[in-house]
Amino acid sequence: AGGSGRTDAASGVYIGSYAGQQSNAAGTVAIGHNAGYYTEGEYNVYIGYGAGVSDATTSTSEHNVGIGRSALNDISTGDNNVAIGYHAGLINSTGTGNVFLGHLAGSDATATDSNKLFIANAAGTPLIAGDFSAGSVAIQGTLDTSGLINAAAGISVDGATATLTAGMTMGSHAMTDILISSDSYPGSAQDGYLVSAGYVNAVS
C-alpha cells in the first residue's frame, strides 16, 4: 500500500503505490497506483490505476468522482465531474459539471467541455449525449418505447418535414394541428398549410 507523500493531508484515504503522492486535499479518497497523485482540491474520489492523476503539478479541482483506469486522468481545475469507465473523461482538465459513463466515454471530448453528458462504450459520438446547460439530449440511433412520449412543446421531425403541436391518435383519426410541409396531397392547393383534424378526416 502507498499513501500520501505529504504530511498535511487532512481526513484523506490513500491506498496504492503513489496514490495521492503530492496531495494535501481534505476529504479525498484515492485508491490505485498513482490515483489522485497531484490532487490538492477537496472531496474528490479517484479509484483505479491513474484515475485523477492530473498532468499538472497542482490539481485544485474539487468534488469530482473518477472510477476506472485513467478516469479523469488530466483533471486540473475542473469541478463536479463524474467519470465511470476505462479512460472516461480522459483529457477533461478544466471542464466542470460533466457526466461520463462507460468504456472510453468522452475520452476524446475537449479538455474544456462543461455541463455535458456522454454515455458510450467507445470513443467518438456517444450513443446518448446531452447538454445540461441547454437542457437537451441527443440519441444516436432508434428510440423505442412501450409507453407514451409526452412532448408539451411539440415534436419536430427532421426540422422541416412535419411539426405536430399536440397529440394525435391515428386509429380513430382524432388529430390536432399538423403542419404540412410539401406534397402531402400531390397537386393540392393545401400544400404548406396548417390542416385541422376535421380536414384530415374529411379527405382520409
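The model is a predicted one, in which local features need pLDDT of at least 70 and side-chain atom pairs count only at pLDDT 80 or more, while totals for chains, interfaces and linings use all residues. Residues are numbered from 1 along each chain as its sequence is written, and side-chain values use heavy atoms, with hydrogens and water left out. With a relative accessibility of 62%, T125 counts as exposed; here exposed means over 50% relative accessible area, buried means under 20%, and partly exposed lies in between, with a 1.4 Å probe and protein chains only. Between the C-alpha atoms of T125 and D108 the separation is 9.3 Å, for residues 17 apart along the chain.

The protein has one helix and 15 strands. Of its 204 residues, 33% are buried. Its accessible surface is about 10,700 Å², and carbon and sulfur atoms account for 56% of that; such areas come from the Shrake-Rupley method with a 1.4 Å probe, and for residues only the protein chains shown count as cover. When contacts between residues at least 6 apart in sequence are considered, 2% join residues at least 24 apart, a contact being heavy atoms within 4.5 Å.

Strand 6 (residues 99–101) and strand 7 (residues 116–119) run parallel and are joined by three bridges; two strands are taken to pair if DSSP finds at least two bridges between them. F100 has F118 of strand 7 as its bridge partner. Strand 7 in turn runs antiparallel to strand 8 (residues 128–131), with four bridges between the two. In this pairing, L117 faces G130 of strand 8, and K116 has D131 as its bridge partner. Four bridges also link strand 8 to strand 9 (residues 136–139), again in an antiparallel arrangement. Here D131 is opposite S136, and G130 is partnered by V137. Strands 8 and 9 make a hairpin with four residues between them, and G135 in its turn has a positive phi of about 65 degrees.

One salt bridge is found in a search of the whole structure, the criterion being a side-chain nitrogen of Lys or Arg within 4 Å of a carboxyl oxygen of Asp or Glu. K116 and D131 form a salt bridge in which the closest N and O atoms are 3.8 Å apart. Because K116 lies in strand 7 and D131 in strand 8, the pair ties together parts that are 15 residues apart in sequence. K116 is partly exposed, at 23% relative accessible area, whereas D131 is buried, at 19%.

In soluble globular proteins, nonpolar side chains tend to be buried together. The largest nonpolar core contains 16 residues, and those with the most contacts inside it are A30, Y46, L72, A83, F100, A105 and F118; a core of this kind is a set of buried Ala, Val, Leu, Ile, Met, Phe, Trp, Tyr and Cys residues joined through side-chain atoms within 4.5 Å. Neighbours within four places in sequence aside, A83 touches V65, G66, I67, A71, L72, A88, G89 and F100.

I47, I67, I84 and L101 together form a nonpolar patch with about 260 Å² of accessible area. Patches are made of residues with over 30% relative accessible area and no salt bridge, like charges being joined within 9 Å and nonpolar side chains (Val, Leu, Ile, Met, Phe, Trp, Tyr) within 5 Å. I47 belongs to strand 3 (residues 45–47) and is partly exposed, at 32% relative accessible area.

Two loop residues stand out for their backbone angles. Most residues other than glycine have a negative phi, and most peptide bonds are trans. H63, however, has a positive phi near 60 degrees. H63 sits in the loop between strand 3 and strand 4 (65–67) and is partly exposed, with a relative accessible area of 41%. L104, in the loop between strand 6 and strand 7, likewise has a positive phi, near 65 degrees.
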